[in-house]
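I opened a new page for this structure today. These are my notes, in the order I looked things up.

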Amino acid sequence: MNKYRAGFIGCGGIATAHADGYRHLNNAEIELVAGSDINPAGEKAQFLASEHGIRLYEDHLEMLEREELDLVSVCTWPRGHCEATIAAAENGAKGILCEKPMAVSLDEADRMIEACEKAGAALAIGHAHRFSPQAVQAREWVRAGEIGEIAMVWGHCTLDLMNNGTHVIDLINYLNGDSPPIWVMGQIDRHGKIEGRRNHPDMPAEDMAIGRVGYSNGVVGFIELGERASQSFTFRIIGSDGVIEVNNPDGPPLKMLSSYRSNGWHVPELNEVYSNVCRELEELVSTVEGRAVHRSEAKIARVALETIMGIFESSARRCLLEFPIDVGDFALERMIEEGMV
Ligand SMILES: NC(=O)c1ccc[n+]([C@@H]2O[C@H](COP(=O)([O-])OP(=O)(O)OC[C@H]3O[C@@H](n4cnc5c(N)ncnc54)[C@H](O)[C@@H]3O)[C@@H](O)[C@H]2O)c1
């Protein structure tokens, strides 16, 4: 097993989950070295430092220059993701796990991808649900034709597109075999004028969003978020010969009704995993070592951001948009500046 020096940019809640993940990797020995945070004296950064014995910095550039980190977790609020990822790549990181949302614009996402390619760094985005046993099994059932031809994947959750929405869209993409999207139509409502919420204090958000996405394999994705959406992080895959439910809050994490199987709902045994974050960090190490392609590599994650921007822009222009979505800025912010929402 190879040894790696790992560190954090942003030392709050999700950085603690990354730290726990690093400690349980099966394919590498990790030395947790340092973290940087704009508020190093804050409770969360202090907790991370004392739990894991890492040095704290206020300036991530100073940390990156001094500590020669192999693996960097970018765990800042969303507006910090782009600059921190590029800085990590340019300072020698071999693997970077940047939290979701990947960035606040497609221009930023493209700069991140370019910088990591140039530096030879593997960049993965924290769409950790791709690693949940129920999602992995559901994707396999879909691939194997267990419910016939897929017509629709419906996903919903609380909060907004840039927060939980990126998980919802990304998991629909995953369950649908990452078939490329070809069109999107959406609508948002921002009656609450939210300017920062929870762990996205640095950006506005909508109260509700819906999106409909057409994929090149003929499947339609349906996304509902926020106030009047069903509040659980749940997915229904509707096929010509059955239905698969993922994360139904009233049931097992995965079940399938299929005309190819008798006796009603089929509920599989799922292998317990330590944590989805741990698995995504393991896959990052495998990618750095050339033994895997990360299932949440930056170019795959960018599709979720492109779809989000497509929903905002479709709402602004009141029409369906074809991919690629030609929106380089943070479309929601522009809509607010123009007094549209
Ligand atoms: N993958 C997941 O399921 C998941 C879960 C939770 C959070 N997240 C994402 O992780 C990110 C952070 O969320 P959190 O819950 O840890 O938030 P948090 O508020 O608990 O922690 C963020 C930390 O980053 C620091 N910070 C903010 N901007 C910074 C910058 N530019 N440079 C350095 N430090 C900075 C803050 O001071 C804070 O300590 C968000 O983008 C969020 O969407 C992902």
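**Entry 1: the model itself**

Before anything else, I noted that this is a predicted model. I kept that in mind for every number below.

**Entry 2: aromatic rings**

How many aromatic pairs does a search of the whole structure find? I got three.

I started with Phe8 and Tyr22. Their ring centres are 5.9 Å apart and their planes stand at 75 degrees, so I wrote this pair down as edge-to-face. The cut-off I needed here is that planes over 60 degrees apart count as edge-to-face. Where do the two residues sit in the chain? Phe8 belongs to strand β1 (residues 2–9) and Tyr22 to helix α1 (residues 13–23), so I have a pair that links distant parts of the chain, 14 residues apart. Phe8 and Tyr22 are both buried.

Next I looked at Phe233 and Phe235. This pair is edge-to-face too, because the planes are at 85 degrees, with the ring centres 4.9 Å apart. Are these two buried or exposed? Phe233 counts as buried at 17% relative accessibility, and Phe235 is buried with a relative accessible area of 0%. For Phe233 I checked the limit: buried means under 20%.

While I was on rings, I also looked at Trp265. The charged end of Lys255 sits over the Trp265 ring, 4.4 Å from the ring centre.

**Entry 3: around the ligand**

How many residues surround the ligand? I counted 21, and the closest are Ile14, Asp37, Lys44, Lys100 and His200.

Asp37 has a polar side-chain atom 2.6 Å from a ligand oxygen. With Lys100, the atom in question is a polar backbone atom, and it lies 2.8 Å from a ligand oxygen. How much of the ligand does the protein bury? The ligand taken alone exposes 850 Å², and the protein buries 84% of that.

**Entry 4: cysteines**

I searched the whole structure for disulfides and found zero. As a reminder to myself, a disulfide is a covalent bond between the sulfur atoms of two cysteines.

The cut-off I used is 2.5 Å between the sulfur atoms. Cys82 is buried, with a relative accessible area of 2%.

Cys116 is in no disulfide either. Its nearest cysteine sulfur is also that of Cys98, 8.9 Å away. Cys116 counts as buried at 3% relative accessibility.

Most residues other than glycine have a negative phi, and most peptide bonds are trans.

Which residues does a cis peptide bond join? One joins Lys100 and Pro101, with omega at about -10 degrees. Lys100 is back from my ligand entry, where it was among the closest residues. Pro101 is in the loop between β5 (95–98) and α5 (106–119).

I noted another cis peptide bond between Phe323 and Pro324, where omega is about -5 degrees. Pro324 is in the loop between β16 (321–322) and α10 (331–337).

Then I turned to phi. Asp178 is not a glycine, yet its phi is positive, near 55 degrees. I found Asp178 in the loop between α7 (161–175) and β8 (181–189). It counts as partly exposed, at 25% relative accessibility.

Lys193 has a positive phi as well, about 50 degrees, and is not a glycine. Its place is the loop between β8 and β9. At 49% relative accessibility, Lys193 counts as partly exposed, since the exposed class begins over 50%.

Arg197 is in strand β9 (residues 194–197) and counts as partly exposed at 23% relative accessibility. How far is Arg197 from Leu159? In sequence they are 38 residues apart, and in space 9.2 Å, C-alpha to C-alpha.

Ile9 is in strand β1 and is buried, with a relative accessible area of 3%. From Ile9 to Glu117 I noted 108 residues in sequence and 20 Å in space, C-alpha to C-alpha.

Terms used:
Residues are numbered from 1 along each chain as its sequence is written. This is a predicted model: local features need pLDDT of at least 70, side-chain atom pairs count only at pLDDT 80 or more; totals for chains, interfaces and linings use all residues. Side-chain values use heavy atoms; hydrogens and water are left out. Rings of Phe, Tyr and Trp (its six-membered ring) pair if their centres lie within 6.5 Å; planes under 30 degrees apart count as stacked, over 60 as edge-to-face and the rest as tilted. Helices (H or I, at least four residues) and strands (E, at least two) are DSSP runs, numbered from the N terminus. Buried means under 20% relative accessible area, exposed over 50%, partly exposed in between (1.4 Å probe, protein chains only). A charge sits over a ring if NZ of Lys or CZ of Arg is within 6 Å of the ring centre and within 35 degrees of the ring normal. A residue is near a molecule or strand if one of its heavy atoms lies within 4 Å of it. A polar contact is a pair of N or O atoms within 3.5 Å; within protein, one must be able to donate a hydrogen and the other to accept it, and residues adjacent in sequence count only if both atoms are side-chain atoms. Accessible areas come from the Shrake-Rupley method with a 1.4 Å probe; for residues, only the protein chains shown count as cover.
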